[in-house]
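Visitor: I would be grateful for a close look at one part of this molecule, the hairpin, together with what surrounds it.

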Amino acid sequence: MGAVTVVFDTNVIVSAAGFGGVPERCLVRSFEDDIHVVTSQEALDELERVLQYGRLPFDEDARDDIPWAFRHLTGATVIEPDVSLDVFDDSDDDRFIECAVEANAEYLVSGDERHVQTVDSFRGVSIVSPREFLAAVGDGE
């Protein structure tokens, strides 16, 4: 099997950084050469915005470090999608499927069961939970 291209949405990154568990295992798994992470500047901007929420367990240094760490530890490629889509109820979520479609990604990994995970796939992109992603690509252990 060749490299798998994946887009992680904001809630997976925030959950990995703040709470560990399966989302963290997804990101750690993406450090391997057979996983190619793609994101967009809009997605990174949203991550920075969400990290400012007072209810999250991050101090100022962590809020600054998490986007950098995500991008550099995963080796994420930042693209600017040319496609504009209206797939999900929340237009913020559409930014991630736009990125995934533009990158010809196999997976969009989301922890958003209310909105994003209500769609199984779109234009060849499988929309999966972190647990489903690990089941598909292996846990790397």
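In the hairpin of E5 and E6, which residue takes a positive phi, and how many residues lie between the strands?

Guide: The residue is Arg123, with a positive phi near 50 degrees, in a hairpin that has two residues between E5 and E6. This is a predicted model, in which local features need pLDDT of at least 70 and side-chain atom pairs count only at pLDDT 80 or more, while totals for chains, interfaces and linings use all residues. Residues are numbered from 1 along each chain as its sequence is written, and side-chain values use heavy atoms, with hydrogens and water left out. Helices (H or I, at least four residues) and strands (E, at least two) are DSSP runs numbered from the N terminus.

Ser121 has Ser126 of E6 as its bridge partner. E6, residues 125–128, also pairs with strand E4, residues 107–109, here in the parallel sense and over three bridges. In that pairing, Val109 stands opposite Val128.

Strand E2, residues 35–40, contains His36, which counts as partly exposed because its relative accessibility is 30% (buried is under 20%, exposed over 50% and partly exposed in between, with a 1.4 Å probe and protein chains only). Not counting residues up to four places away in sequence, His36 touches Val4, Thr5, Val6 and Thr77, where contact means heavy atoms within 4.5 Å.

Two helix pairs complete the picture. Helix H6, residues 130–137, packs with helix H2, residues 21–29, at an angle of about 40 degrees, the axes being 9 Å apart. Axes are lines fitted to C-alpha atoms, for helices over the stretch in contact, and angles run from 0 to 180 degrees between N-to-C directions. H2 is therefore oblique to H6 (under 35 degrees is roughly parallel, over 145 roughly antiparallel, 65 to 115 roughly perpendicular and the rest oblique). Val22, Pro23, Arg25, Cys26 and Arg29 of H2 meet Pro130, Arg131, Phe133, Leu134 and Val137 of H6. Of these contact residues, seven are nonpolar, none polar and three charged (Ala, Val, Leu, Ile, Met, Phe, Trp, Tyr, Cys and Pro count as nonpolar, Asp, Glu, Lys and Arg as charged, and the others, Gly among them, as polar).

Helix H3 (residues 41–50) packs with helix H5 (residues 91–102) at about 140 degrees, with axes 9 Å apart. The contact joins Glu42, Ala43, Glu46 and Arg49 of H3 to Asp92, Arg95, Phe96 and Glu98 of H5. Its residues divide into two nonpolar, no polar and six charged.

Methods: Pairing = 2+ DSSP bridges.
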